[in-house]
Amino acid sequence: MSDIQNQIAANGQAALSSVAAAQTLADLDHVRVTVLGKKGTLSEALKSLGQVPAEERPKLGALANEWKSKVESAIDARKVDLEAKQIELELVKTKLDVTLPSRKIHQGSLHPITQTVRKVSQVLGRIGFDVAVGPEIETDFLNFEAVNIPKDHPARDMQDTFFIGPGVVLRSQTSPVQMRAMRSQKWPVRILSPGVVYRCDSDATHSPMFHQIEGLWVDQKVSLADLKGVLDFFAKELFGSDTKIRLRPSYFPFVEPGAEVDVSCAICAGKNPTCSMCKGTGWLEILGAGMVHPRLFELAGYTPSEVSGFAFGMGVERIAMLLHDIPDLRLMFQGDQRFLKQF
Ligand SMILES: [Zn+2]
């Protein structure tokens, strides 16, 4: 056997070993190029046949071609194997385990203030109160004078207001909504006005922005007894059927007479002198109320001798704090998930 024959056979054997050793399709392609490519080992062997004597060429040519097709078949067969292996790997990698627990879906909840506004509106809605809304930027006239707090009235000192321009304020109470309602319709009027109000006040129990709900019922012969009946119903619905109310005489410029309204302490019923809710008094102040001052009917365009009515107002944060035993008003406005998740 000539040197060239040996060389071709050795190249062919080496190529077959490389094909068998290839672990990836990229490895296999590399073998194909180095053996069968233009400058591959077998291709070079075929080219070199030009230098051998003419009578030996056909035999050597046949031998080289034989090895070439052997290597080609080996590459094709190995390619099929490697492709199958790759598909299997791919399947294992992307396998979906349907028994795994699903990811937790985070669900939001309504802010305790929103919940409280809705609860109060729902309770009083059942006895005929409709929700009315108005602007947060209000005229000085509707915010003060129309609720019987004239410019020289000492009651103006009772609250510090954000004045944002001549005759324009951020409303310090939702009472302007009541005046707007009375001015836009004839009595009877039975409305609730929930909304944001603003005062220059900020500490543990005061926020410069907070929420109020005021109620107004105007009709013929509405009496103080009706006010007590509505408040009693409201307190029992909100704080439980054992709840009692009491009215303490108080002064608000827009009502006459006026009262502060307390509910009995549901935690201790007045029996615990160190109760954190009522401080042992047995009573919790929840709102202010009274019979609408006749002056307001005049400003609304009503005839005071024809109508009477009552109004009440409460701080939504205060009600929410009582309902959920929240110790600090500021928790309501900090957006802390640990707090909000509890509702
Ligand atoms: Zn108590």
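Strand E9 is largely enclosed by the rest of the structure, because eight of its ten residues are buried (under 20% relative accessible area with a 1.4 Å probe and protein chains only; exposed is over 50%, partly exposed in between). Strands here are DSSP runs of E with at least two residues, and helices are runs of H or I with at least four, numbered from the N terminus.

This is a predicted model, so local features need pLDDT of at least 70 and side-chain atom pairs count only at pLDDT 80 or more, while totals for chains, interfaces and linings use all residues. Residues are numbered from 1 along each chain as its sequence is written, and side-chain values use heavy atoms, with hydrogens and water left out.

Now the sheet. Seven strands make up an open sheet with mixed pairing, in the order E1-E5-E6-E10-E9-E8-E7. Two strands pair if DSSP finds at least two bridges between them. E1 (130-131) and E7 (245-250) stand at the edges; each has a single partner strand, so one side of each lacks a neighbour in the sheet.

E9 pairs on both sides. Eight bridges join E8 to E9, and the two run antiparallel. There, Asp262 has Glu285 in E9 as its bridge partner. E9 and E10 also run antiparallel, joined by four bridges. Met291 stands opposite Phe310 in E10.

Asp130 has Ile191 in E5 as its bridge partner.

Helices come next. H8 (residues 224-239) packs on the sheet and touches E6, E7, E8 (255-264), E9 (283-292) and E10. Contact means heavy atoms within 4.5 Å. The direction of H8 makes about 150° with that of E9. Axes are lines fitted to C-alpha atoms, for helices over the stretch in contact, and angles run from 0 to 180 degrees between N-to-C directions. H5 (residues 112-125) lies across E1, E5, E6 (209-219) and E10 (308-315), at about 170° to E5.

Last, the metal. Cys265, Cys268, Cys275 and Cys278 coordinate the zinc ion through their SG atoms at 2.2 to 2.3 Å. Donors are N, O and S atoms within 2.8 Å of the metal (3.2 Å for Na, K and Ca); water is not among the atoms, so sites may look incomplete. Along the chain the donors follow the spacing C-x2-C-x6-C-x2-C. The arrangement is tetrahedral because the four donor atoms subtend angles of 99 to 116°; four donors qualify if all angles lie between 85 and 135 degrees. Cys275 counts as buried at 3% relative accessibility. Cys278 is buried, with a relative accessible area of 3%.

Methods. Four donors count as tetrahedral if all angles lie between 85 and 135 degrees; four count as square planar and six as octahedral if opposite donors are over 155 degrees apart and all others between 65 and 115; anything else is irregular.
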